[in-house]
Structures are given as structure tokens and as C-alpha cells.
Amino acid sequence: MVGKTPPQILRRCAPQNDKGVMATEEQISRVLISLAEIQSCGLCGTRLRWGDFECPHCGADLDDQLRLWAQRLVDAVNRPSNQ
Ligand SMILES: [Zn+2]
């Protein structure tokens with residue numbers, strides 16, 4: 001009658017420590033380095049702020065530029081650690 005928490009629920013609340021999905025320190029620093037890359041408008045050179053999807057100066061669409069940056073970031077994160 002008295003509520004007893006089943007052990008499988010307690011286990012599910014414990015923090016997961018699956019090495020297979022956790023980011024490594026190296027991957028984390030690669031992301032941080034990538035975030036620090038100075039992005040500027042390819043047309044007028046205006047420095048961009050994170051989150052800009054068009055140039056605040058000339059209005060250029062930055063989608064292609066951001067996609068290339070994201071591609072470099074993903075490649076960097078997925079690169080084996082011995083390279
Ligand atoms: Zn611009």
C-alpha cells in the first residue's frame with residue numbers, strides 16, 4: 001500500500017554516463033574555437049553578430065556562408081582525435 005519507488009525508475013533518474021554519446025574535451029574545444037571564428041559579410045565585410053542571418057549593413061543573405069561555417073564545424077567535431 002505504501003508507495004515504493006521501483007528500482008528501475010531510480011536508475012533511470014541517475015545521470016547517464018554513456019561514453020558512446022558524450023562529447024570529448026577535444027570536441028568541446030573544437031566547437032568553442034569554431035564559435036570564436038570572426039564572421040563577416042562576404043560582400044561588404046561588415047562584422048556580423050551571432051544569430052544574424054542577413055548582413056545588418058548591406059542586407060546580404062548569409063545562409064550560404066553560415067552553412068559553410070556549420071559544415072566546417074561538424075567536420076571538425078567528427079574528425080578523429082589523432083588528426
Ligand atoms: Zn554586407
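1. Does Asp 52 count as buried, exposed or partly exposed? With 14 C-beta neighbours inside 10 Å, Asp 52 counts as partly exposed. The cut-offs are as follows: a residue is buried if 20 or more other C-beta atoms lie within 10 Å of its own, exposed if 12 or fewer, and partly exposed in between, with C-beta atoms placed from the backbone. Asp 52 belongs to the loop between α2 and α3. In sequence, Asp 52 and Leu 66 are 14 residues apart, and their C-alpha atoms are 9.4 Å apart in space.

2. On the source: this is a predicted model, in which local features need pLDDT of at least 70 and side-chain atom pairs count only at pLDDT 80 or more, while totals for chains, interfaces and linings use all residues. Residues are numbered from 1 along each chain as its sequence is written.

3. On the overall make-up: the chain has 3 helices and 0 strands, in the order α-α-α from the N terminus. Helices (H or I, at least four residues) and strands (E, at least two) are DSSP runs, numbered from the N terminus. Of the 83 residues of the chain, 1% count as buried. Among contacts between residues at least 6 apart in sequence, 28% join residues at least 24 apart; a contact here requires C-beta atoms, placed from the backbone, to lie within 7 Å.

4. On the helix pair: the axes of α2 (residues 25–35) and α3 (residues 63–78) come within 9 Å and cross at roughly 160 degrees. The two helices are therefore roughly antiparallel to each other. That term covers angles over 145 degrees, whereas those under 35 count as roughly parallel, 65 to 115 as roughly perpendicular and the rest as oblique. Axes are lines fitted to C-alpha atoms, for helices over the stretch in contact, and angles run from 0 to 180 degrees between N-to-C directions.

5. On the residues between them: α2 contributes Gln 27, Arg 30, Val 31 and Ser 34 to the contact, and α3 contributes Arg 72, Leu 73, Ala 76 and Val 77. These residues divide into 4 nonpolar, 2 polar and 2 charged. In this scheme Ala, Val, Leu, Ile, Met, Phe, Trp, Tyr, Cys and Pro count as nonpolar, Asp, Glu, Lys and Arg as charged, and the others, Gly among them, as polar.

6. On α3: the helix has 16 residues and reaches 22 Å from its first C-alpha to its last, close to the 22 Å expected at 1.5 Å a residue. The expected span is 1.5 Å times one less than the number of residues. The number of buried residues in α3 is 0, so this helix lies largely in the open. Arg 72, found in α3, is exposed, with 12 other C-beta atoms within 10 Å. The C-alpha atoms of Arg 72 and Ser 34 are separated by 8.3 Å, at 38 residues apart along the chain.

7. On two further exposed residues: Glu 26, in helix α2, has 12 other C-beta atoms within 10 Å and is exposed. Its C-alpha atom is separated by 7.4 Å from that of Ser 81, 55 residues apart along the chain. Arg 47 lies in the loop between α2 and α3 and is exposed, also with 12 other C-beta atoms within 10 Å. Arg 47 and His 57, 10 residues apart along the chain, have C-alpha atoms separated by 9.2 Å.

Note on methods: Contact = placed C-beta atoms within 7 Å.
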